[in-house]
Amino acid sequence: MFRFENAELEFEKEALEVIANEALKRGSGARGLRSIIESILLDAMFDIPGNPSVIKIIVIAENVLKKKN
């Protein structure tokens, strides 16, 4: 979806580790991963369309931990 809007999506290694640990805590496997990632990216998914100034989204551990966008 981000590529369709000409925006790149990048995850820092630490953010991926936090996401994976959260999914393990939930015991929900791949569905848990998807749920966590969707909640992190929800605002961006709605804000990017029609906003050509956004060229890259970077997910960092701090935002995952604080559940911020």
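Predicted model: local features only at pLDDT ≥ 70, side-chain atom pairs only at ≥ 80, totals over all residues.
I take a residue as buried under 20% relative accessible area, as exposed over 50%, and as partly exposed in between, with a 1.4 Å probe and protein chains only. Residues are numbered from 1 along each chain as its sequence is written, and side-chain values use heavy atoms, with hydrogens and water left out.

**Entry 1: the chain**

I looked up the secondary structure and found three helices and two strands in the chain, following the pattern β-α-α-β-α along the sequence. Here helices (H or I, at least four residues) and strands (E, at least two) are DSSP runs, numbered from the N terminus. The C-alpha trace spans about 35 × 20 × 15 Å along its principal axes. Of the 69 residues, 25% count as buried, and the accessible surface comes to about 5,100 Å², with 55% of it belonging to carbon and sulfur atoms; these areas come from the Shrake-Rupley method with a 1.4 Å probe. I then asked about contacts, meaning heavy atoms within 4.5 Å: among those between residues at least 6 apart in sequence, 66% join residues at least 24 apart.

**Entry 2: helix 1 and helix 2**

Two packed helices are described by the angle between their axes and the distance between the axes. For helix 1 (residues 13-26) and helix 2 (residues 29-47) I read axes that come within 9 Å and cross at roughly 130 degrees. That makes helix 1 oblique to helix 2, since angles under 35 degrees count as roughly parallel, over 145 as roughly antiparallel, 65 to 115 as roughly perpendicular and the rest as oblique. The axes are lines fitted to C-alpha atoms, for helices over the stretch in contact, and the angles run from 0 to 180 degrees between N-to-C directions. The crossing is right-handed, the term for a near helix turned clockwise from the far one by less than a right angle.

Which residues make the contact? Helix 1 supplies I19, A20, E22, A23 and R26, and helix 2 supplies G29, G32, L33, S35, I36, I37 and I40. These residues divide into seven nonpolar, three polar and two charged, where Ala, Val, Leu, Ile, Met, Phe, Trp, Tyr, Cys and Pro count as nonpolar, Asp, Glu, Lys and Arg as charged, and the others, Gly among them, as polar.

**Entry 3: two residues of that contact**

A23, in helix 1, counts as buried at 6% relative accessibility. Leaving aside neighbours within four places in sequence, I find A23 in contact with S28, G29, G32, L33 and I36. I37, in helix 2, is partly exposed, with a relative accessible area of 25%. With the neighbours within four places again set aside, I37 is in contact with F11 and I19; I also noted that I37 and L16, 21 residues apart in sequence, lie 9.5 Å apart in space, C-alpha to C-alpha.

Is N6 buried or exposed? At 66% relative accessibility, N6 counts as exposed; it sits in the segment before strand 1 (8-11), and its phi is near 60 degrees, a positive value in a residue other than glycine. L65, found in helix 3 (residues 61-66), is exposed with a relative accessible area of 59%, and its C-alpha atom is separated by 28 Å from that of F4, 61 residues apart along the chain.
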